[in-house]
Amino acid sequence: MIYYLFSFGVFIQLCYINNGDFMKDNVFHFKKKFGQNFLKDQTIPKKIVGVADIQKNSLVIEIGPGAGSLTKELSKAAKQVICYEIDTSLEDILDRELLGLDNVCVIYDDFLKRDVKQDLSSYEYHYLYVVANLPYYITTPIITHLIESNLGVDKIVVMIQKEVADRFCAKPGTREYGSITVFLNYYFDLKKEFLVSRNCFVPKPNVDSVVISLNKKTEQLSLNNKELFFQLVKDSFRFKRKTLRNNLKGYCLEKIEEILNEYHLDLSVRAEDLSLEIFVRISNNLG
Ligand code: SAM
């Protein structure tokens with residue numbers, strides 16, 4: 001119990017020593033709709049920040065600070081931390097937990113609705129990181145929003161559901177390999193860093209988690225038409241069990257086959273067997 005008293009905010013301690021009966025305490029109501037599973041093992045935030053290896057003069061974005069356990073560690077490592085928290089009922093708790101940390105700013109809003117580029121425009125920094133324990137119900141939309149906001153993020157370190165990490169980091173030829181894998185691999189080198197048991201959270205989720213890192217590629221493959229490329233990848237995976245011939249009926253199949261033949265493949269191949277490089281080559285041959 002002493003461990004909880006000193007490691008977390010008062011509210012977590014109250015929730016936890018009452019076996020999660022936080023409703024009774026009337027202190028904090030965890031909201032399932034916001035994916036609220038908070039870390040109760042304070043060693044994990046330290047480990048996450050260790051993986052992020054935050055350089056001096058950097059700005060860190062955290063999505064979903066919750067009760068601030070990761071935020072406090074980020075504040076020690078970064079020049080500035082900007083957090084986005086959708087749940088305004090966490091404001092008092094975060095005010096208390098982050099008291100005196102004047103390099104932390106919390107924006108109470110839905111991250112997906114923010115013009116993040118605009119939010120960052122008044123800050124000066126050399127490196128940009130995103131470090132977070134993401135709400136699982138919107139993992140992919142958050143990462144997509146980050147990429148599409150064109151912020152020039154150097155490194156992303158996020159805790160996500162294990163099964164989603166398997167998809168993000170999948171290799172061609174595996175069941176988990178999909179359009180999101182190709183999308184992310186176009187921008188980043190991905191790595192699974194470490195597993196986090198469901199027992200490290202309150203309330204305890206039904207799944208285990210994995211911390212992954214996404215390092216910005218030093219050199220991206222050259223694309224003639226980015227929009228065409230991502231549409232092609234999406235369409236190729238539309239029906240996973242179907243061949244490219246069936247999924248890409250609206251495209252110039254001769255031009256697609258031209259490239260496939262160079263890799264000793266033909267239109268009977270499935271999207272899950274094609275590497276990022278082959279998708280890029282096909283796309284550039286189309287337009
Ligand atoms: N960082 C905390 C931790 O590790 O203990 C909490 C992580 S919890 C998995 C996810 C957090 O994201 C919650 O605080 C939740 O309220 C917040 N959240 C959910 N949806 C959000 C959104 N659209 N924008 C910003 N924050 C969101």
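The model is predicted, so to speak with care: local features need pLDDT of at least 70, side-chain atom pairs count only at pLDDT 80 or more, and totals for chains, interfaces and linings use all residues. Residues are numbered from 1 along each chain as its sequence is written, and side-chain values use heavy atoms, with hydrogens and water left out.

Let's start inside. The largest nonpolar core has 63 residues, and Phe168, Ile212 and Phe229 touch the most other members. A nonpolar core here is a set of buried (under 20% relative accessible area, 1.4 Å probe, protein chains only) Ala, Val, Leu, Ile, Met, Phe, Trp, Tyr and Cys residues joined through side-chain atoms within 4.5 Å. Another core, of 34 residues, lies apart from it, with Val49, Leu90, Phe194 and Val202 among them.

Val202 also takes us to the backbone. A cis peptide bond, with omega about -15°, joins Val202 to Pro203. Pro203 sits in the loop between strand S8 (201-202) and strand S9 (209-216); strands are DSSP runs of E with at least two residues, helices are runs of H or I with at least four, and both are numbered from the N terminus.

Now for the loop between helix H4 (43-52) and strand S2 (58-63), where you'll find Asp53. Asp53 isn't a glycine, yet its phi is positive, about 50°. Asn57 is in the loop between H4 and S2 too, and has a positive phi of about 60° without being a glycine. Most residues other than glycine have a negative phi, and most peptide bonds are trans.

Notes:
Buried means under 20% relative accessible area, exposed over 50%, partly exposed in between (1.4 Å probe, protein chains only).
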